[in-house]
Amino acid sequence: MKDFVRFLAAWALLHESADEGWKAAIRRGEGLEPGSMDRGPDAFVDGLAALVNDEKERLEHELASDGTDDHGPRPVDLADKLDAVTFELAELRGRLESLQASVDALASRRED
Amino acid sequence: MSERGRAIAGVALRRAVVALWGVRFGLRRGRSRRRIVARQLRLACEELGPTFVKLGQLASVRPDLVPAEAVFELEQLQDRLPAVPTDRIRAIVAAELGAPPERLFATFDPDPIATASIAQVHRATLANDYRPVVGPVLRAGASVAVKVIRPGVEGRIAEDLTVASRWASRLERLPHLKRLGPRSILAEFRSSLRSELDLRNEGRVADRFARDFADDRLIVVPRVVWRHTTRRVLVSEFVEGWRLNELGDAERSGIDARGLATHGAEVFLRQVLVHGRFHADLHPANLFVTPDGRICYLDFGIVGRTSPEQRIAIAQVLAATVYGDADRALRYSRELGLDVPERDAGAVRDAVATLMRRHLVGQEPADVRGFALGFLSMLADFRIPVPEGYGLLVKALATVEGVARSIYPDIDITRTAAPFATRLVAAQLGQPRRLRERLPAATRAALREILA
């Protein structure tokens, strides 16, 4: 039993140390200037830790909000939506042009 | 019985007798028998004309409905007919668009560039600029392809389908064939055929494909000129290039054939697994390679669709297949509706593993078509029905390989499919909804592992 508790304590200690190291890397990464991740392995790891942390928080928020985000859509979603609506509009224009061609053809046949 | 009905019955009977003789009146069994019958079925379709050629083409993308041997035989259907005189084509254009082609276009070539069972294609040039739904403006003088439905083809198809309906009703009375549901299969094919006879549907699909691949500079989808497009006439950008079945060593030498074949395979996987909308009539005659080394998609008459749920399961089966993991492939196959009876599970698993070893894993290059044919035949041997989405995947993979090899004969598409499927599976696992589904079970499993 003692060995088992000691194993769990070792696991907790390892986890705590890793967690502290991770948080420190995030702090350092957040302090980096944009574009400075290529200054060496340490800067890369710190920058990556900050990026992962950002994504983790975003994911945490998405999971908690169950897709009903009251902060509104992200810019990338807006761009996608704008693109989709623009395409639909162009598609509709195409349909109208095709219908117009059919109407013109029927009208010219009636005139004949 | 109408004259056409008698003609159809005559061809069907003659081909059935030849098939019966070929299978030695039932003495030949299994795959050999199915192969002989499939060949006679293809020849009968070619003999019976446009309706049956089209029905055969539709059947060739549905391994869930017809045996594997027929699927791979029917994809070879020859869809060529003599040209319709240009005056009759002119008359259709004038009736559809209100003016003869010479007044609508700057130039119109009276000699067709392609003739098939449903439509004939002529080359022309635009008289004015046109802004398409997707892509830059087509300038006056740009070359276009004018696709026109052949005169009388709609009436002929309606007449043939009426005869086929009567036959389907008769066949449905036979207990052995009733479970296949010939009437519902015919109804489904009738609806697909009706959609194909309205060329506006093809134009819409082309626009959607163009949008799906707008960011891919190696893919060309001809821009549709809606101003001159109606139910029976489709006008789209003319793209110069070589059809894949015309691609020789000289043409290949000027382009990065290997890169293009790899990209072509990935693009097709993107259609099936990302966009959920794919060119289901993909064969070397429907694809062009342009002189500047791009792939041009043509003829969007038959389009397949995959649901988001199917896409996830298909990606998993695909990943498991290309990595040679039979257990995983069968596990995810169940999510696509493949129902392997418990008593056959071990034998089916062993058969799949053998097929993977024989055709895929460690083979240089892998033979996906051989695997697909062997796999579907094995399911038929075990009398396991093929679900629609599943048949789609197997056929799609074999098609991708055929097309990619037309561009670069030595390509191994599993090398493209493996990283693609892995990325896709990883991306799907990273989606919030999937994570939300999987996190509780993953946490429980991790705790169990630690406390074990």
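Which helices are among what covers the buried residues of H3(B)? This tour of a predicted model, in which local features need pLDDT of at least 70, side-chain atom pairs count only at pLDDT 80 or more, and totals for chains, interfaces and linings use all residues, returns to that question at its second stop. Residues are numbered from 1 along each chain as its sequence is written, while chains are lettered from A and ligands numbered from 1 in the order in which they are written.

**Confidence**

Colour the model by pLDDT, the predictor's confidence in each residue, from 0 to 100. Chain B averages 85, and 96% of its residues score at least 70. The model as a whole has an ipTM of 0.76 and a pTM of 0.75.

**Helix H3 of chain B**

Select residues 50-59 of chain B, which form helix H3. Helices (H or I, at least four residues) and strands (E, at least two) are DSSP runs, numbered from the N terminus. Ten of the ten residues of H3(B) are buried; a residue is buried if 20 or more other C-beta atoms lie within 10 Å of its own, exposed if 12 or fewer, and partly exposed in between, with C-beta atoms placed from the backbone. Among them are B:Phe52, B:Lys54 and B:Gln57. The cover over these residues includes helix H2 (30-48), H4, helix H7 (153-172) and helix H9 (182-197) of chain B.

**B:Gln76**

Next, select B:Gln76, in the loop between helix H4 (68-74) and helix H5 (86-97) of chain B. B:Gln76 is exposed because 12 other C-beta atoms lie within 10 Å. A distance of 25 Å separates its C-alpha atom from that of B:His122, 46 residues apart along the chain.

**The domains of chain B**

Colour chain B by domain: domain 1 (1-78), domain 2 (80-238) and domain 3 (240-452), with bounds that come from an automatic or database domain assignment. The centres of domain 2 and domain 3 of chain B, taken over C-alpha atoms, are 29 Å apart. Their contact takes 14 residues from domain 2 of chain B and 14 residues from domain 3 of chain B; two residues are in contact if their C-beta atoms, placed from the backbone, lie within 7 Å. On the domain 2 side, helix H10 (199-212) and strand E5 (219-220) of chain B each supply at least two residues. H10(B) provides the largest share of that side, six residues.

**The largest nonpolar core**

Now select B:Ile314, B:Val317, B:Leu318, B:Ala372 and B:Val400, the residues with the most contacts inside the largest nonpolar core, which has 129 residues. Such a core is a set of buried Ala, Val, Leu, Ile, Met, Phe, Trp, Tyr and Cys residues joined through C-beta atoms within 7 Å. Helix H17 (residues 388-407) of chain B gives the most to this core, with ten residues. Not counting residues up to four places away in sequence, B:Leu318 touches B:Leu393, B:Ala417 and B:Ala421.

Finally, turn to chain A, which has three helices and zero strands. Of its 112 residues, 7% count as buried. Helix H1 (residues 2-30) of chain A reaches 41 Å from its first C-alpha to its last, and the count of buried residues among its 29 residues is two.

Where chain A meets chain B, 14 residues of chain A are in contact with 17 residues of chain B. Helix H2 (41-65) and helix H3 (75-111) of chain A are the elements that give two or more residues to the chain A side. The largest share of that side, eleven residues, comes from H3(A).

Notes: The expected span of a helix is 1.5 Å times one less than its number of residues.
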